[in-house]
Amino acid sequence: MCSTERNTELQPTSSDPALLLELKTRRPPSLLDLAGCETWSVDFSPDGNWFAWSMGHGIVWVVAWPLDSEEGQDGETDRADKSFSCGHPVWGLAFGPRPPRLAAAACPTKPSKGSKGKSSLLLATGLENGVIKVWNVLTGNAVFDLHGHEGVVRNLVFPQNGSLTLISSSRDKTLRIWDLAHKGKKVQVLSGHKDWISCCSVSSDCSMIASVGRFDRMVCLWSLRSYTFIRNLTGGTNKKLCLLSSCDFSPDGAVLATAAFSGSSWWIDLWDPYTAEKLATLADYFEDYGQNQISAIQFSPDGLHLAIVTDDRALRIWEPGERHMTMQTRRDQDSSGLCCNYHPQGGVIATGTRDGHVRFWRTPRTVPSLCHLCRSIMRHSVSTHQIEALPLPKRILEYLTYRNIPERLKTCCSSDEEDWES
């Protein structure tokens, strides 16, 4: 069921200079601070004109972006806020279909009169009961339901190839690939995890799926072309007691970042998905045992930065290989961050919280170097093995394969109160 009645309020920004604005959900006092109000997932539409978040209690809210854009009718496009009642708590959501990354970057779309077709934008919502509901955003109608998962649908991803393929991961230990062009016909079930799957991500060339198991500590790679298992990056030797929470491919697909935490630390590993080599590790240690888990990570659209959401800070922005955080919000044990998502054109990132609210942050804008742009374009379609076979100088090969991070920064501490290892 779709509604356009406004159920949120825009809050003035706090003293944190990076915070642009905050959306807070209006709830009856009886529902405050109760389980079920969490914002487990947020997403921007591929063109950046819409924003959606799961605001708790089975409700997904969709608003036009930017938030000060004109509401009402704009030609054939209804820009009014919309809410979708899903009937069960929503744990994952995703807009689709998503055009190829390079094509989208070359021709970013803007809202204009009659520029959006009534069937051009879908929103998939993953529910606690294992059902996936697919909505037409512009009409507000439910298109169909997808049945098959036997546990919470934790994550949903549309690959960046313009297709109506949807990948879902669930607490039932499986990933499922759905063909929405054929009324949600199930294409394949990927099994191999031994416990809950926390997150999944798709490489930009749509050749690989990565998934992380929360309790089995497996980082699995799957072929999206043959629907087969490729490898477990941890090799089955990861015996450290920890929980894996998130993963994301870099925009060129050459690096996979995974996030994990234990009782006294959290860390991010950067992997080469083609060789299974661990390129670098960012780690943080804390005194309060079990009080600082890492919830989400995501690469920026240009691939220069990695966003990090943890319990003690609402947001960190890290440039892999640098000695310090590029940006981090003030320390706040009540930040309650759960998820994050960059705007497709960068400059803004949204984070969701346990109380069902959403915060929008201003992120660093850096002009990519020519070297970085050339590497991104090349690595989008050339594997590490193909790069290593080229007759290039060692330093260029190291740069193109992301092996140019100094040895002293392989493991480092992110807290501003401590020195990084050297």
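How many bridges pair β18 and β19, and in which sense? The two strands pair in the antiparallel sense, over five bridges. Two strands count as paired here if DSSP finds at least two bridges between them, and the strands themselves (E, at least two residues) and helices (H or I, at least four) are DSSP runs, numbered from the N terminus. The model is predicted, so local features need pLDDT of at least 70 and side-chain atom pairs count only at pLDDT 80 or more, while totals for chains, interfaces and linings use all residues. Residues are numbered from 1 along each chain as its sequence is written, and side-chain values use heavy atoms, with hydrogens and water left out.

Back to that strand pair. Cys 200 has Ser 211 in β19 as its bridge partner. Both strands belong to an open sheet of four, ordered β18-β19-β20-β21, with antiparallel pairing. At the edges sit β18 and β21 (229-232), each of which pairs on one side only. From one strand to the next, the twist averages 20° (axes are lines fitted to C-alpha atoms, for helices over the stretch in contact, and angles run from 0 to 180 degrees between N-to-C directions). As a general rule, strands of a sheet pair through backbone hydrogen bonds, either parallel or antiparallel.

Another open sheet has four strands in the order β14-β15-β16-β17, again with antiparallel pairing. Here β14 (153-157) and β17 (185-191) are the edge strands with a single partner each, so one side of each has no neighbour in the sheet. The twist from one strand to the next averages 20°. Zooming in, strand β16 (residues 174-179) pairs with β17 over six bridges in the antiparallel sense, and Trp 178 has Lys 186 in β17 as its bridge partner.

Next comes β31 (residues 348-353). Six of its six residues are buried, so this strand is largely enclosed by the rest of the structure. Buried means under 20% relative accessible area, exposed means over 50%, and partly exposed is in between (1.4 Å probe, protein chains only). The cover applies to both faces: Val 348, Ala 350 and Gly 352 are buried on one side, and Ile 349, Thr 351 and Thr 353 on the other.

What flanks β31? Strand β30 (residues 337-342) runs antiparallel to β31 and is joined to it by five bridges. Five bridges also link β31 to strand β32 (residues 358-362), again antiparallel. Ala 350 makes a handy landmark: it is the bridge partner of Asn 341, and it stands opposite Phe 360 in β32. The hairpin of β30 and β31 has five residues between the strands, and Gly 346 there takes a positive phi near 75°. In the hairpin of β31 and β32, four residues lie between the strands, and Gly 356 in the turn has a positive phi of about 85°.

In general, most residues other than glycine have a negative phi, and most peptide bonds are trans. Cys 206 has a phi near 60°, a positive value in a residue other than glycine. Cys 206 is in the loop between β18 (197-202) and β19 (208-213), and it is buried, at 10% relative accessible area. Ala 276 is not a glycine either, yet its phi is positive at about 70°. This residue is in the loop between β24 (265-272) and β25 (277-285) and is partly exposed, with a relative accessible area of 26%.

As for cis peptide bonds, one joins Trp 65 and Pro 66, with omega at about 0°. Pro 66 is in the loop between β6 (59-64) and β7 (73-74). Another joins Gly 96 and Pro 97, with an omega of about -5°; Pro 97 is in the loop between β10 (90-96) and α1 (101-106).

Finally, helix α4 (residues 394-400) contains Ile 396 and also Leu 397. Buried or exposed? Leu 397 is buried, with a relative accessible area of 18%, whereas Ile 396 is partly exposed at 40%. Leu 397 touches Ile 387, Glu 388, Leu 390 and Leu 392, leaving aside residues up to four places away in sequence (contact means heavy atoms within 4.5 Å). The C-alpha atoms of Leu 397 and Ile 387 are 7.1 Å apart, with the two residues ten apart along the chain.
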